[in-house]
Structures are given as structure tokens and as C-alpha cells.
2 protein chains.
Amino acid sequence: MDTTMRIGELGKATGVDIETIRYYEKAGLLPVPARSQNGYRAYGSAHLERLAFIRHCRALDISLADVKRLLDFVAHPNADCEGIDLLIDAQLDRVRARLKSMQALEQQLAALRGRCGERHSAAECGILHELVAAAHGEACACHFDTPSCSTETSVSDKIDSRRKKT
Amino acid sequence: MDTTMRIGELGKATGVDIETIRYYEKAGLLPVPARSQNGYRAYGSAHLERLAFIRHCRALDISLADVKRLLDFVAHPNADCEGIDLLIDAQLDRVRARLKSMQALEQQLAALRGRCGERHSAAECGILHELVAAAHGEACACHFDTPSCSTETSVSDKIDSRRKKT
DNA sequence: TAATACCCTGTAGTCACTCCATGGTCAAGC
DNA sequence: GCTTGACCATGGAGTGACTACAGGGTATTA
């Protein structure tokens, strides 16, 4: 029997908030730990490893549902690894799509930012003018990199591509 | 009096889901519309413009709280525009920070993806090995661009920087 | 008259946490 | 023995920006 840790110790060892640890347990990602006599959770090294694995996956922006799937593969080493493959591929696709839209976004905001030099009234603010013009569907400098400006599909697509994660 | 539209028409004209339109109304972003005799919402051109404005801002990933602030500036054109300035600046900062972490993420995932060529058992999968190794704190190829791999602070910081939006 | 395509309200669910209220446990200091 | 403070427990609510759904009303067309 190895030494056990309380939740606060596990949290410190992994840099994970104790509320998050309890959340992972409730979500079925972290096995239910034993309890010491006073009712405190008692974690072992297996929990520490597992929690580190989860956090590493989360650092890669992998959803908890996918982390769960990866943990299944870890638990069943004889299974075909094709799923792992596809999972990481899909994750990479999502990240790349989001990266692309973030880059466009950065350009748009930078252009918008350049429209306002010094202080004046809102009525004269180039940024506000630009935003209103874009809403009107007029040509606007902040979209120089995209073909059309405020047509319904382009706007909602941009939002969709940034929102959708599963 | 200009022609009015029902919610479905407004939705089609702007590419916005009708549930989202109602949500914006409840959130106080879209003015409460008049109702026709049957109780249906009756929108005018002002609503269409405003909704387009909101969506354009959302396409720039500006939070609804900030969109509200921008709408206040639109409503009070004599106010000092400094707030607009700062708002866009802060937005740009957020986007750039996120962009940076997304780029690191993309590299990590790409490296991870390269670890698995053909199909085999999960036990032999390079991806899984890599993830487990990372969780153990061993040197892992997917972090060649970052100094340390799975120390608590670096992992949680990475997650934090990607989660925080306000 | 029936089907359908709309519209209404209100509530609950999503994701991955985060915060809070309320109360129990334990060790140290007085 | 008592208090203080650091921990731990549970359950429930809140976050943002929607999205989905149940259960009903209305309007148009066949």
C-alpha cells in the first residue's frame, strides 16, 4: 500500500483546483478514491498519473468526452488504435480551422484599431463608423481579406467556425 | 411606417437563428419589437440594422457585454470615444494571446499526429505512448517548442490562457 | 377539414469548470 | 477546555452564448 494524498495535496502536486478534481470524479474521468476514516478522499499514485494525463490532454484542448475515449484505449491496450488516430486528426482539424479564423479576426481587429487615432466624440470615431458601415453591408476596411463583408452566411459562418467544438 | 417582418423573415435576412434573436431580445441587446394582432413580433428596419451590427461584432468575437457598450456609444454620439478605443484594444490583445497559444497547440498536435503511421494495437500506438509519457513528465516530442512539459503550472497556464475570455 | 409551416412562452441542456453556503474534522496555540 | 484557522465534505447555482424542446396558438394551403 502506497502513501495516500488528500485532495489538496493532489491538487498542489498537479496544479489542479480541488473543485476541478471533484468535478472530474463526478464526470467519471477520475476513479472514485477510497476514503479515510474522517471521510476525506484518499488518492494514490494512480490517481496522480491519471489526473496528469487528463490535464495534458486538456492542454491540447481535447474535450473531456475525447479524453474519456483515450482513457478507454489506455485501459484496453489490445484494441485497434485507429480511433486514437482519428481523434487526434479531428482535433488537429478543429484547431487548424479555428486558427485560420483567428488569424483573419486579428487582421480585422488590427485594421479596425487603426481607424481611431486620438480622442474625439463617438460620432467621429472611425471604429464605430466602420462597425456601423459593416452592419449596413457597405465596403469596410476591416474586411479587406474576405470577399464579402456582412452577408448573412459569411458572418454566421465565421461565428459558427469559432463556436463549434464537438 | 415601414414594412414589418416576422421573426423568421428577420432571421433569414440576417442569417441568425430565431432562438438567438429572441435570446438577444431577452438579453437586452435588441429592442423589444412591437407585436402584431396575433402576438407575433413585428420587426422594422432598425431591428435589422441593429441585429447586423451585433452579428458583425460577434464575428469579431466581441462579447455581448462589449457589444452592449458599443451600442451605448452608437446611442450617445457625443460621448468621448476613448472607451471604444480601449475596448477594441483589449479585444485585439485577447485575440493575439489566444492566437499564440493556438499556434503552439497546432504544433503539438501535429507532432503528436506524426507518431502514429499505420494501424496497430493501442498498446503500440505512438500517440498514446506520447500522451502517457507527457503525463509522467518525461520528455515528449509534442512539446519541443515549450521549455518544460507537464509541470503543473505550465499545463494549467496553457489551459487558463485559452479559457479566460472576459 | 387536415396538413404544414409558422409563431408563442418557458424551461432545461450544453461545456468545463467556478463559486458559494453550510457544516464537519483536525492540529496548534492559549 | 476553547478558539482559531486550515483543511475537507456536500449540494446547488452561476458563467457565456447560445441551442433544444415541450406544449400550445395561428395562418395558409390543399
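Why does B:Asp61 count as buried? B:Asp61 has 22 C-beta neighbours inside 10 Å and therefore counts as buried. A residue is buried if 20 or more other C-beta atoms lie within 10 Å of its own, exposed if 12 or fewer, and partly exposed in between, with C-beta atoms placed from the backbone.

This is a predicted model, in which local features need pLDDT of at least 70 and side-chain atom pairs count only at pLDDT 80 or more, while totals for chains, interfaces and linings use all residues. Residues are numbered from 1 along each chain as its sequence is written, and chains are lettered from A and ligands numbered from 1 in the order in which they are written.

Chain A has seven helices and two strands. Both kinds of element are DSSP runs numbered from the N terminus: helices are H or I with at least four residues, and strands are E with at least two. Read from the N terminus, the order in chain A is α-α-β-β-α-α-α-α-α. Chain A has 166 residues, and 32% of them count as buried. Two residues are in contact if their C-beta atoms, placed from the backbone, lie within 7 Å. Among the contacts in chain A with a separation of 6 or more, 44% are between residues 24 or more positions apart.

The pLDDT is the predictor's confidence in each residue, from 0 to 100. Its mean over chain A is 78, and 78% of the residues reach 70 or more. Strand β2 (residues 41–42) of chain A has the highest confidence, at 98, and α7(A) the lowest, at a mean of 36. The pLDDT is below 50 over residues 139–166 of chain A, a stretch that has 50 contacts in the model beyond near neighbours in sequence.

Next come the two protein chains together. A rotation of 180°, with 0.1 Å of shift along its axis, superposes chain A on chain B with an RMSD of 0.3 Å. The two copies are thus related as by a two-fold rotation axis. The superposition is by least squares on the C-alpha atoms of residues with pLDDT of at least 70 in both copies. A:Leu99 is the residue of chain A that comes closest to the rotation axis, with its C-alpha at 3.2 Å. Both copies use the same surface, as 100% of the contact residues of chain A recur in chain B.

The contact between the chains takes 64 residues from chain A and 64 residues from chain B. On the side of chain A that touches chain B, α3 (45–59), α4 (64–75), α5 (82–113), α6 (126–136) and α7 each supply at least two residues. The largest share, 20 residues, comes from α5(A). By type, this side of chain A divides into 34 nonpolar, 14 polar and 16 charged residues. Here Ala, Val, Leu, Ile, Met, Phe, Trp, Tyr, Cys and Pro count as nonpolar, Asp, Glu, Lys and Arg as charged, and the others, Gly among them, as polar.

In helix α6 (residues 126–136) of chain B, the buried residues are B:Ile127, B:Leu128, B:Glu130, B:Leu131, B:Ala134 and B:Ala135. They cover an arc of only 160° around the axis, which puts them on the same side of α6(B). The arc is that of the directions from the helix axis to the C-beta atoms. These buried residues pack against α3, α4 and α5 of chain A, together with α5 (82–113) of chain B.

The model also holds DNA. A residue is near a strand if its C-beta atom, placed from the backbone, lies within 6 Å of it. DNA strand D is surrounded by 20 residues, of which A:Arg6, A:Gly8, A:Arg41, B:Asn38 and B:Ser63 are the closest. DNA strand C is surrounded by 21 residues, and the closest are A:Asn38, A:Ser63, B:Arg6, B:Gly8 and B:Arg41. The elements giving two or more residues to the surface near DNA strand C are α2 (18–26) and α4 of chain A and α1 (7–14) and α7 (152–163) of chain B.

Last, the loop that holds B:Asp61 lies between α3 (45–59) and α4 of chain B. Most residues other than glycine have a negative phi. The phi of B:Asp61 is near 65°, a positive value in a residue other than glycine.
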